[in-house]
Amino acid sequence: YKIMGSVIEFLDKHFVPIAGKFGSQRHLVAIRDGFVAIMPLIMVGALGVLINSFPIPAYQDFMVSIFGKFWKNIGANLWTGTFAIMALLSVFSMSFSLAKSYEKDGLAAALVAFGCLFMLYSGSAKDWAVPFSFLGAQGLFVAMFVALVSTELFCRLMGNPKLIIKMPDGVPPAVAKSFAALIPSIVVLTVFCLFKCLTDRKRD
């Protein structure tokens with residue numbers, strides 16, 4: 001008991017304060033809150049996978065008899081709207097959370113981050129379609145990077161009064177907020193545009 005008490009005392013003294021600082025770090029909180037926000041969709045996607053993959057032959061035969069041989073489209077469609085676009089959902093929710101922590105326009109920041117992420121994708125040569133493989137879990141790291149970098153840059157630009165277009169008092173608030181975010185949005189999107197151009201040039 002004395003040894004255990006010493007270990008707990010050591011952890012409380014040295015480890016807990018460090019863990020508390022990490023736990024309250026703005027960007028880590030944004031990542032956490034971003035995942036929490038999309039948790040209902042993840043649960044629905046997991047339900048779709050369970051519906052399709054429940055490992056009982058009698059259940060599989062029952063579903064075929066009720067819904068026909070294409071019954072797995074039910075789970076597949078649920079997966080398509082959740083797990084398959086997890087990167088898109090994450091970049092939006094994380095960017096929104098980070099911008100809100102700075103008390104900036106979360107919706108504008110999330111839309112800019114969404115555009116920046118899509119800018120980095122390369123469509124197919126035939127019809128310019130974006131493969132689902134980049135939109136799901138495989139693209140989460142890139143989505144997190146884009147959400148944090150683009151939103152950090154956006155919020156810093158929004159904090160510069162010289163870059164904010166102020167509208168007259170009679171203008172509706174939604175329009176005023178759009179014009180206020182115009183120049184920061186242009187700058188952030190241009191930065192990612194140039195980054196994409198450089199990466200494409202090196203690839204060629």
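Visitor: Why is Val49 called partly exposed?
Guide: Val49 has a relative accessible area of 39%. Buried means under 20%, exposed means over 50%, and partly exposed is in between, using a 1.4 Å probe and protein chains only. So 39% puts Val49 in the partly exposed group.

Visitor: What kind of model am I looking at?
Guide: This is a predicted model, where local features need pLDDT of at least 70, side-chain atom pairs count only at pLDDT 80 or more, and totals for chains, interfaces and linings use all residues. Residues are numbered from 1 along each chain as its sequence is written, and side-chain values use heavy atoms, with hydrogens and water left out.

Visitor: Where does Val49 sit?
Guide: Val49 is in helix H3. Helices here are DSSP runs of H or I with at least four residues, strands are E runs of at least two, and both are numbered from the N terminus. Val49 and Lys72 are 23 residues apart in sequence, with their C-alpha atoms 9.4 Å apart in space.

Visitor: Why is Ser90 called buried?
Guide: Its relative accessibility is 0%, so Ser90 counts as buried. Ser90 belongs to helix H6, residues 86-101. Not counting residues up to four places away, Ser90 touches Phe35, Ile38, Ser95 and Leu140.

Visitor: What makes the pair of Ser90 and Met86 a polar contact?
Guide: A polar contact is a pair of N or O atoms within 3.5 Å; within protein, one must be able to donate a hydrogen and the other to accept it, and residues adjacent in sequence count only if both atoms are side-chain atoms. A polar atom of the Ser90 side chain lies 2.8 Å from the backbone oxygen of Met86.

Visitor: How do H6 and H7 meet?
Guide: Their axes come within 8 Å and cross at roughly 145°; axes are lines fitted to C-alpha atoms, for helices over the stretch in contact, with angles from 0 to 180 degrees between N-to-C directions. Residues making the contact include Ala87 and Val91 of H6, with Ala110 and Phe114 among those of H7.

Visitor: Why is Glu103 called exposed?
Guide: Glu103 has 74% relative accessibility, so it counts as exposed. Glu103 lies in the loop between H6 and H7. Its phi is near 60°, a positive value in a residue other than glycine.

Visitor: Is Ser185 buried or exposed?
Guide: Ser185 is buried, with a relative accessible area of 14%. This residue is in helix H10, residues 182-203. Beyond residues up to four places away, Ser185 touches Val112 and Phe154. Phe154 is also one of the buried residues of H8. H8 has 19 residues and reaches 26 Å from first C-alpha to last, close to the expected 27 Å.

Visitor: How many helices and strands does the protein chain have?
Guide: The protein chain has 10 helices and zero strands. Buried residues make up 30% of its 204 residues. Of the contacts between residues at least 6 apart in sequence, 70% join residues at least 24 apart.

Notes
Contact means heavy atoms within 4.5 Å. The expected span of a helix is 1.5 Å times one less than its number of residues.
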